[in-house]
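I've got one slide today, so let me put it up and we'll walk through it together.

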Amino acid sequence: MDLDMVSYLAKLSKLNFTEDELKKAAADMTSIIDIMDTIKEVDIVYNPLADNKNMYLKDLREDIAKDSMETEKILQNAKHSDNCFVVPKVVE
Amino acid sequence: MDVSQLKIRQLREMLDKKEISAAELADEYIKRIKEYDKKLESYITVTEEIAKEQAKAAQERINSGSSSALTGIPIAIKDNICTEGVKTTCASKMLENFVPPYNATVIEKLYSENIVMLGKTSMDEFAMGGSTQTSAFAKTKNPYDLNRVPGGSSGGSAACVSAGLAPAALGSDTGGSIRQPAAFCGVTGLKPTYGRVSRYGLVAFASSLDQIGPIARDAHDCALVLNAISGCDSRDGTSSRLAAENFAAKIGMPVKGMKIAVPKEFYADGIDAVVRDSVLSAAQKYKEMGAEIVECSMPSLKYAVAAYYLISSAEASSNLSRYDGIKYGHRSSKGDSYSELVCNSRSEGFGEEVKRRILLGNYALSSGYYDAYYGKAMALKQKIRAEYEEIFKLCDVILTPTAPSVAYGINENVTDPVKMYQADICTVTVNIASLPAISTTCGYDSKGMPIGMSIIGKHFDEATIIQVADAFEKNFEIIPPRIV
């Protein structure tokens, strides 16, 4: 796997890598993809209709309004909050 | 009093006969943790105060004569299971200070039995690994040899039970994370059928494969914990609607006449001879008990590791996209824009292996590669399931090694991701096929390291694999680790 591909994946993954880290990741990913490539020799196609037999969609809960968790609890793990989650300015 | 090798049933009897109080029992374990866990590093958080409070409540229930199987029993919890008010770190800097505002369903269920929680155990970061050496906080050692890994990802849970720092623990298993550390640490670990135990409050790794299960001293104790944590939960849409049952019901029933399959690929090159010989000699013991050994084949096993890593990493890359540093988790002090802040928080919070899995998952799901990797892996999942269905037409349970080797040295495999991934060959198909499996000790190598074997059952047939494991355990002598 080349550095361009790893950079692209890093961007998709919202991860920053230094140049050295990118090189290491490219080497690791190359040997990992070598194992993953073994499945290409199997000639089969996924049948999505055969899956999800055990989903219980007919047992969905009634749509009843209930009290939600208190705001204080929801915000207890946010590093920056002001009765809401605080993020950097996104609109000029 | 030495509680280190006592089983839940023995502790139950002592508590009910008032030979020991719940507080005294909790104290015995806390003392052992203080004495041994500096070397072992099996716990990330020890909840001594909570244990004392819970022991009081448990004692009241015992005194009132209404104790249930786990009332007053000390239990350790893997640190990816949410415990309200108690840090749940997933052994990651990302969640170093995360205090869940709610309990996982399994915790609610255990609390309703009045267990005593001893603490939260170490693991590979976000359950990604088989050594517990990717933990950001406690790189757990193997109680049988402190220079070796305990396995993983539930390495803290397995090591603490093995060393007698808890009589039982909860782990989670996505590709072998309960069974492999149980095997490495010489204890018994059960991965239930997918859907048997609610995943609500289990920090998600790969949602279609994750399952919570017990690690204990034997199969019977695993059954008692499974009895307490299983059952339908409306908060987990994949939890089974099947009625809860008594998983200890078949214990003591003879295995005579039972058919036990040994798929040849699980005993091929790549499995250490000492492991293969030990598991095959266990098969011989079952034969002597009157079971029939059936030879069979699983041709797709050679593709299982690839299929597993593609599916689990794809799901992980999606599940871990929630960590943005804003609502909870590590938030970087750098980043002027929203996007920069998210990238910096994730880059600082996640460790190397987690980043690798996210990259792999996004590769498998990205445009142009989806059909070749994710689509093909999902097709293989169906093929492996079909092969299991064929094998189960011939047998009641399947017997395999739990891992290709005994526990290896710290730093031996852990820097080579490919070697680490390939070591999961014996366990991943069980998760891919959503089956239940139990690992128990079947021997020791020349250096005294435990060897584990796995008994795989049909969907929702945990009672039978517990029965089969128990039949072996009754005739097998456990050699406790040297640390005790």
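**Two domains in chain B**

So, the centres of domain 1 and domain 2 of chain B sit 26 Å apart, going by C-alpha atoms. Keep in mind that this is a predicted model. As for who is who, domain 1 of chain B runs over 8-256 + 399-473, and domain 2 covers 302-378.

On the domain 1 side of chain B, 28 residues make contact, and they meet 26 residues of domain 2 of chain B.

What about the polar side of things? Between domain 1 and domain 2 of chain B, 11 residue pairs are in polar contact, both partners being at pLDDT 80 or more. Salt bridges across that interface of chain B: the rule finds 0.

Now look at the helices on the domain 1 face. Both α13 (417-422) and α14 (428-432) of chain B put at least two residues each into the side touching domain 2 of chain B. The largest share is from α13(B), with 4 residues. And if you sort that domain 1 side of chain B by class, you get 16 nonpolar, 9 polar and 3 charged residues.

Terms used: Residues are numbered from 1 along each chain as its sequence is written. Chains are lettered from A and ligands numbered from 1 in the order in which they are written. This is a predicted model: local features need pLDDT of at least 70, side-chain atom pairs count only at pLDDT 80 or more; totals for chains, interfaces and linings use all residues. Side-chain values use heavy atoms; hydrogens and water are left out. Domain bounds come from an automatic or database domain assignment. Contact means heavy atoms within 4.5 Å. A salt bridge is a side-chain nitrogen of Lys or Arg within 4 Å of a carboxyl oxygen of Asp or Glu. A polar contact is a pair of N or O atoms within 3.5 Å; within protein, one must be able to donate a hydrogen and the other to accept it, and residues adjacent in sequence count only if both atoms are side-chain atoms. Ala, Val, Leu, Ile, Met, Phe, Trp, Tyr, Cys and Pro count as nonpolar, Asp, Glu, Lys and Arg as charged, and the others, Gly among them, as polar.
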